[in-house]
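Q: Hey, I've got this model open and I'm a bit lost. Can we go through it together, bit by bit?

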Amino acid sequence: MNPLCSRCNLVVYPTEKINCLDKYWHVRCFRCEVCNMSLNMKNYKGFAKRPYCNAHYPRANFTCVADTPENIRLKQQSKMQSQVLYKEDFEKNKGKSFTVVTDTPELQRLKKSQDQISNIKYHEEFEKSKTPHLHEEGRIQHQQPSNTAPVYQPSAAAQNYHYEHAPEPVRPAAAAPPPSAGKRYRAVYDYVAADEDEVSFMDGDVIVDVQQIDEGWMYGRVERTNMQGMLPANYVEAI
């Protein structure tokens, strides 16, 4: 069965049929919707499934909206609503962490550096809090009156009382160097000896004959200066 023409609604026979814009047209009916100019398959332009010539083809234009008080009010209201929603989401998600960070070697290195820095600060605070007590003990032990009276020595009870109330545990004294264990370490920070039984070193120095004393202190010899004594364990790393 032959289809109907989209413009005149008459039967379109194959000899005069144009199939375009999803519709069927007579050759004489395929014209511009505005100027009624005869069109063909080469010069037509379709819009909303209707044929147009190039001169009368509809073009989309931007619409200018005046900034009226009502539009300003709507704009401010929309902005306030968005701020309210943002604050609600912020309060709901406060304290929650949604970021998953991969434990990469770079992050592990940064974490190790932060741990070393915190250990250094802790050691500095410990040395500052310990120095007044050491100076007070040295003043009492070495202070002698003008006569020939014996030097005052604190009793064991007094010493125990002092150590019990010290802000930090006192590291063990190094009476004699421990036997060589053959371990080698490299200094990662500069360190200046704060006591006579400690040893100073610089960043990059090699520490040999290292012996672990406790969790925070070691005994070793600086290969560059050939000086030996106690050193903080968090200032060196094993080679």
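This is a predicted model: local features need pLDDT of at least 70, side-chain atom pairs count only at pLDDT 80 or more; totals for chains, interfaces and linings use all residues.

Q: How many bridges join strand β6 to strand β7?
A: Four bridges join β6 (residues 206-212) to β7 (residues 217-222). The two strands run antiparallel. Strands here are DSSP runs of E with at least two residues, numbered from the N terminus. Two strands pair if DSSP finds at least two bridges between them.

Q: What does the pLDDT average for the protein?
A: The average is 78. At least 70 is reached by 74% of the residues. pLDDT is the predictor's confidence in each residue, from 0 to 100.

Q: Where does pLDDT stay under 50?
A: Over residues 160-167. The model has six contacts for that stretch beyond four places in sequence. Contact means heavy atoms within 4.5 Å. Residues 174-180 are also below 50. That stretch has nine contacts in the model beyond near neighbours in sequence.

Q: Back to the strands. What is the order in the open sheet of five strands?
A: The order is β8-β7-β6-β5-β9, and the pairing is antiparallel. The edge strands are β8 (228-232) and β9 (236-238), and each pairs on one side only. From one strand to the next, the twist averages 45°. Angles like that run from 0 to 180 degrees between N-to-C directions, with axes as lines fitted to C-alpha atoms.

Q: How many bridges join β7 to β8?
A: Five, and these two strands run antiparallel. Take Y219 in β7: Q211 stands opposite Y219. In β8, the bridge partner of Y219 is M230.

Q: And what sits between β7 and β8 in their hairpin?
A: Five residues sit between the strands. In this hairpin, N226 has a positive phi near 60°.

Q: Which way do side chains point in a regular strand?
A: They alternate between the two faces of the sheet.

Q: Is β8 mostly covered or mostly open?
A: Mostly covered: four of its five residues are buried. Buried means under 20% relative accessible area, exposed means over 50%, and partly exposed is in between (1.4 Å probe, protein chains only).

Q: Which residues have the most contacts inside the largest nonpolar core?
A: Y185, F201, I207, M218, L231 and V236. The core has 17 residues. A nonpolar core is a set of buried Ala, Val, Leu, Ile, Met, Phe, Trp, Tyr and Cys residues joined through side-chain atoms within 4.5 Å. β5 (183-187), β6, β7 and β8 each give two or more residues to this core. The largest share, four residues, comes from β7.

Q: What does F201 touch?
A: Leaving out residues up to four places away in sequence, its contacts include A187, I207, V222, L231 and V236. There is also a second, separate core of nine residues, which includes I18, C20, L21 and Y52.

Q: L21, okay. Where is L21?
A: In the loop between β1 and β2 (23-26). L21 has a positive phi of about 55° although it is not a glycine. D209 is not a glycine either, and has a positive phi of about 50°. D209 is found in strand β6.

Q: Why does E198 count as buried?
A: Because its relative accessibility is 6%. E198 is in the loop between β5 and β6. A polar atom of its side chain lies 2.9 Å from the backbone nitrogen of A194.

Q: What about R28, which side chain does it join in a polar contact?
A: The side chain of E16, at 3.3 Å. A polar contact is a pair of N or O atoms within 3.5 Å; within protein, one must be able to donate a hydrogen and the other to accept it, and residues adjacent in sequence count only if both atoms are side-chain atoms. R28 lies in the loop between β2 and β3 (45-47). R28 counts as partly exposed because its relative accessibility is 47%.

Key:
Residues are numbered from 1 along each chain as its sequence is written. Side-chain values use heavy atoms; hydrogens and water are left out.
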